[in-house]
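Could we go through the fold together, point by point?

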Amino acid sequence: MTYKLNPDRQTLGNELRSVFVDTLNELMSQNPKIIALEADLGSASGFSNLVKQHDKQLLNVGISEANMMGVASGLSLVGYQPFCHTFAPFATRRAFDQLFISGGYAQTTLNIFGSDPGFTVGPNGGTHTSWEDIALMRMIPNSIVCDPADGVQLAWLIKALAKEKGIHYIRANRKAVRQVYEVGATFEIGKGNILKQGHHLAIVAAGQLVSEALDTAEKLSDMGIDATVIDMFSIKPLDDSLITSLSKAHTHVVSIENHSVNNGLGSAIADVIAENGLNIKLLKIGVNERFGQVGSPDYLQNEFGLSANKILAKLLNFLA
């Protein structure tokens, strides 16, 4: 893998829904077997723009997410490669039986984009909030679960997963997020990226919280604390060997995720630590025993303790 950090990572990149649609448009032009399925969110996702070039490769199933997964599985069985989109809780929680049986058990191929996970759902509120989607998708045997840090990584993921068979889940904001990587960066599924090398503390983050992790590391550096920062965009498969190596060079590791602390990135890291008897202390930063609520994304990020300042306070308490 070859990647370079964006020198001005405080800037916003393209909207992630535009990245998803533009990448799909490119793939559809190359492969007529790629089919996009939408659950009546074409305007919100930008999937309606696919009609302009590939109207015969777009299917709107209506507000029927479980049925969408069943249809997609059927299309996979006859040689098509489906890409499905809806909001994260509807792509996972609402359709989980179809994902598990019609998808995983039947060994079909489903590429799923679950948008607006966690606090990114904003004013859509608690019914549309998903703190559990990673946990559910990790439970499907042989699934791939990814949380990209920005649009550059998202575009790479879509192209990479289009070449693979199986159940693939990508969770990401629909809106623009800060661009962590330079355009053209490449990655490897199952491998974490070391974005900053330190020796006091290891911070392992996923999704757009990678930016918060880098911000936090800078603030820690001002306090004389040197932190390693890892982008663990591939939550399943996880980079077990990297976690093991971190334990040899650090005494503390912290996971940061826009997800429940139960059965997400932090739990995956805890499994590696426990199963290998690693001598390292772990703090899981995420959401603990909470439902979602209404608010702006910025307000919700702070409310659920996932803003840079809230993360820093938790880290300092952990180190103390």
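Here are my notes on the sheets, the cores and the cavities of this predicted model.

1. Let me start with the seven-stranded sheet. The sheet is open, with mixed pairing, and its strands run in the order E2-E1-E3-E4-E6-E5-E10. Strand E2 (58–60) and strand E10 (234–236) are at the edges; each has a single partner strand, so one side of each is left without a neighbour in the sheet. On average, and ignoring direction, neighbouring strands here are turned by 20° against each other.

2. Strand E1 (residues 34–38) pairs with strand E3 (residues 81–87) in the parallel sense, over five bridges. Ala 36 has Phe 83 in E3 as its bridge partner. Helix H1 (residues 16–30) packs on this sheet and touches E1, E3, strand E4 (110–115) and strand E6 (167–172). The direction of H1 makes about 145° with that of E1.

3. The other sheet to look at has five strands. This sheet is also open and mixed in its pairing, with the order E7-E9-E8-E11-E12. Its edge strands, E7 (193–196) and E12 (281–287), each pair on one side only. From one strand to the next, the twist averages 25°. Within the sheet, strand E8 (residues 201–205) and strand E9 (residues 227–231) are paired in the parallel sense over five bridges, and Ile 203 has Val 229 in E9 as its bridge partner.

4. In soluble globular proteins, nonpolar side chains tend to be buried together. The largest nonpolar core has 59 residues, and those touching the most other members are Phe 20, Leu 24, Tyr 181, Ile 203, Leu 220, Ile 256 and Leu 315. Helix H8 (residues 151–161) gives the most to this core, with eight residues. A second, separate core of 39 residues includes Ile 230, Val 253, Ala 268 and Ile 273.

5. Which residues is Leu 315 in contact with, leaving aside its neighbours within four places in sequence? They are Leu 201, Ile 203, Thr 216, Leu 220, Val 254 and Ile 285.

6. How many cavities of 30 Å³ or more does a search of the whole structure find? There are two. The largest cavity holds about 90 Å³ of space. It is lined by 15 residues, and those closest to its centre are Asp 147, Pro 148, Asn 173, Gly 207 and Gln 208.

Conventions
Residues are numbered from 1 along each chain as its sequence is written. This is a predicted model: local features need pLDDT of at least 70, side-chain atom pairs count only at pLDDT 80 or more; totals for chains, interfaces and linings use all residues. Side-chain values use heavy atoms; hydrogens and water are left out. Two strands pair if DSSP finds at least two bridges between them. Helices (H or I, at least four residues) and strands (E, at least two) are DSSP runs, numbered from the N terminus. Axes are lines fitted to C-alpha atoms, for helices over the stretch in contact, and angles run from 0 to 180 degrees between N-to-C directions. Contact means heavy atoms within 4.5 Å. A nonpolar core is a set of buried Ala, Val, Leu, Ile, Met, Phe, Trp, Tyr and Cys residues joined through side-chain atoms within 4.5 Å. Buried means under 20% relative accessible area, exposed over 50%, partly exposed in between (1.4 Å probe, protein chains only). On a 1 Å grid over the protein atoms alone, a cavity is a set of points where a 1.4 Å probe fits but cannot get out, and a pocket is an open set with protein on both sides within 12 Å along at least five of seven lines; lining residues have an atom within 4 Å of a point. Grid points are joined across faces, edges and corners, and a volume is the space filled by probe spheres set on the points.
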